[in-house]
Amino acid sequence: MLHIIFHFIVPIFLVGIFFRKNWKFAYLIMIATMLVDIDHIVANPIYDPNRCSIGFHPLHQLWFIILYIVLCFIPKTRLIGLGLSIHMVLDAIDCQVTSGVWIH
């Protein structure tokens, strides 16, 4: 549960520091990137608290993560890239905490 809360709290801090002028828009975009978890529906079971999503779910693959990082450097996709990158970092930390690994 704490892991999910971090997906909402970490973007608030980032938006508060770097995107104060348009904080509502920036926060909305970053939260919308949690839709990346739609790839969990192809897993069986859909939710497994002990499964590391990095490297397991289709949109959580390393080559996608590299793409998300690249998006951070393109002005028009920066917020999307930041949201997705934060999401992947939090998921990787969750993998380490729950399973002792960084990637599936």
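Pockets first, so I note my terms: on a 1 Å grid over the protein atoms alone, a pocket is an open set of points where a 1.4 Å probe fits, with protein on both sides within 12 Å along at least five of seven lines, and lining residues have an atom within 4 Å of a point. Grid points are joined across faces, edges and corners, and a volume is the space filled by probe spheres set on the points.

I keep in mind that this is a predicted model, where local features need pLDDT of at least 70, side-chain atom pairs count only at pLDDT 80 or more, and totals for chains, interfaces and linings use all residues. Numbering runs from 1 along each chain as its sequence is written, and side-chain values use heavy atoms, with hydrogens and water left out.

I looked up the second largest pocket and got about 160 Å³ of space. Its lining includes Phe19, Phe25 and Ile29, along with Pro75, Arg78 and Ile80. H2 and H4 are the elements that give two or more residues to that lining; helices here are DSSP runs (H or I, at least four residues), numbered from the N terminus. I sorted the lining of the second largest pocket into seven nonpolar, two polar and two charged residues, taking Ala, Val, Leu, Ile, Met, Phe, Trp, Tyr, Cys and Pro as nonpolar, Asp, Glu, Lys and Arg as charged, and the others, Gly among them, as polar.

The largest pocket holds about 420 Å³. I find 21 lining residues there, with His3, Ile4, His40, Tyr47 and Asp94 nearest the centre. Two or more lining residues come from each of helix H1 (2-18) and H4, and H4 gives the most, with five.

**Cysteines**

How many disulfides are there? I count one, a disulfide being a pair of cysteine sulfur atoms within 2.5 Å. It joins cysteine 52 to cysteine 95, S to S 2.1 Å. Cysteine 52 sits in the loop between helix H2 (23-32) and helix H3 (62-71) and cysteine 95 in helix H4 (residues 78-99), so the bond ties together parts 43 residues apart in sequence. The link of cysteine 52 and cysteine 95 is right-handed, with 95° about the S-S bond. Both cysteine 52 and cysteine 95 are buried (under 20% relative accessible area; exposed means over 50%, with a 1.4 Å probe and protein chains only).

**Helix H3**

Buried in H3 I have Phe64, Ile65, Tyr68 and Leu71. Seen down the axis, these fall within an arc of 110°, so they line one face of the helix; the arc is that of the directions from the helix axis to the C-beta atoms. They pack against H4, with contact meaning heavy atoms within 4.5 Å. Exposed Trp63 and Ile66 are on the face of H3 turned away from its buried side.

I checked histidine 87, which is in helix H4. Histidine 87 is buried, at 1% relative accessible area. Leaving aside neighbours within four places in sequence, I see histidine 87 in contact with His7, Met34, Val36, Asp37 and His60.

Last entry: the peptide bond from asparagine 44 to proline 45 is cis, with omega near 0°. Proline 45 is in the loop between H2 and H3.
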